[in-house]
Amino acid sequence: MNARAVVQKPELSAYHDRTIALLRRYFRMSLEIGRMPSVLGREVFRARVTSYRVRTFEDAVIFVHDVEKCLEQLEPFSRQLIARVILQDYSYEEAAARVGCGERSVYRLLPLALDRLSEIFLTTKMLSPPGCQERKAG
């Protein structure tokens, strides 16, 4: 992790659930359009997609492309943590063994990776901050 991302930002941790949901949607849609998510490696083409529906195939391709561009902005280690824990559902212990670090490092660094990715999603408008409720006149 770079020096800029060493401190967890509490305001970004509120976005972790939404960021994880976006990542899981990305994973599902990547498979539906016939490719393995870039953070996992090689492409895999399938003859059939799942029953989950999107408006158009093009929408799914654009969404997957946009998420991949965001993921490319992360450091390789952060991408590996997100791929193992969020996309592949490895436990922290299993992820630590796969990426070659201690389990405590995964517990410490995954939230930082999610903070950074949430920040990227907010900047690119893949996520939006919760709207303020305006007082209705009259």
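At what angle do α2 and helix α4 (residues 76–87) pack, and how far apart are their axes? The two helices pack at about 85°, with axes 11 Å apart. The legends below refer to a predicted model, in which local features need pLDDT of at least 70, side-chain atom pairs count only at pLDDT 80 or more, and totals for chains, interfaces and linings use all residues. Residues are numbered from 1 along each chain as its sequence is written, and side-chain values use heavy atoms, with hydrogens and water left out.

**View 1. Overall view of the chain and its helices.** The secondary structure comes to six helices and zero strands, and the pattern along the sequence reads α-α-α-α-α-α. Helices (H or I, at least four residues) and strands (E, at least two) are DSSP runs, numbered from the N terminus. Of the 138 residues in the chain, 36% are buried, where buried means under 20% relative accessible area, exposed over 50%, and partly exposed in between (1.4 Å probe, protein chains only). Among the contacts in the chain with a separation of 6 or more, 69% come from residues 24 or more positions apart, contact meaning heavy atoms within 4.5 Å. The chain exposes about 9000 Å², of which carbon and sulfur atoms supply 51%; accessible areas come from the Shrake-Rupley method with a 1.4 Å probe, and for residues only the protein chains shown count as cover.

**View 2. The contact of α2 with α4.** Two packed helices are described by the angle between their axes and the distance between the axes. For α2 and α4 that angle is about 85°, which makes α2 roughly perpendicular to α4. Axes are lines fitted to C-alpha atoms, for helices over the stretch in contact, and angles run from 0 to 180 degrees between N-to-C directions; angles under 35 degrees count as roughly parallel, over 145 as roughly antiparallel, 65 to 115 as roughly perpendicular and the rest as oblique. On the α2 side, I20, L23, R24, Y26 and F27 meet I82, I86 and L87 of α4. By class, this contact of α2 with α4 has seven nonpolar, no polar and one charged residues, with Ala, Val, Leu, Ile, Met, Phe, Trp, Tyr, Cys and Pro counted as nonpolar, Asp, Glu, Lys and Arg as charged, and the others, Gly among them, as polar.

**View 3. The buried residues of α4 and the residue D89.** In α4, the buried residues are S78, L81, I82, A83, R84, V85, I86 and L87. The buried residues of α4 pack against α2, α5 and α6. Just after α4, D89 takes a positive phi of about 55°.

View 4. The axes of helix α5 (residues 92–99) and helix α6 (residues 103–123) come within 8 Å and cross at roughly 100°, which makes α5 roughly perpendicular to α6. In this contact, Y92, E93 and A96 of α5 meet E103, V106, Y107 and L110 of α6, and the residues divide into five nonpolar, no polar and two charged. The structure holds one aromatic pair. The ring centres of Y92 and Y107 lie 4.2 Å apart with their planes at 50°, so the pair is tilted; rings of Phe, Tyr and Trp (its six-membered ring) pair if their centres lie within 6.5 Å, and planes under 30 degrees apart count as stacked, over 60 as edge-to-face and the rest as tilted. The pair links distant parts of the chain, with Y92 in helix α5 and Y107 in helix α6, 15 residues apart. Y92 is partly exposed, at a relative accessible area of 25%.

View 5. S30 is found in helix α2 (residues 16–32) and is buried, with a relative accessible area of 0%. Not counting residues up to four places away in sequence, S30 touches R35, P37 and V64. S30 and H65 are 35 residues apart in sequence, with a C-alpha to C-alpha separation of 9.1 Å.

View 6. Y15, placed in the loop between α1 (10–13) and α2, is buried, with a relative accessible area of 11%. Leaving aside neighbours within four places in sequence, Y15 is in contact with S118, L122, L127, S128, P129 and P130. Y15 and P129 are 114 residues apart in sequence, and their C-alpha atoms are 8.7 Å apart. K9, in the segment before α1, is partly exposed, with a relative accessible area of 27%. K9 touches D115 and E119, not counting residues up to four places away in sequence, and the C-alpha atoms of K9 and E119, 110 residues apart along the chain, are separated by 9.8 Å.
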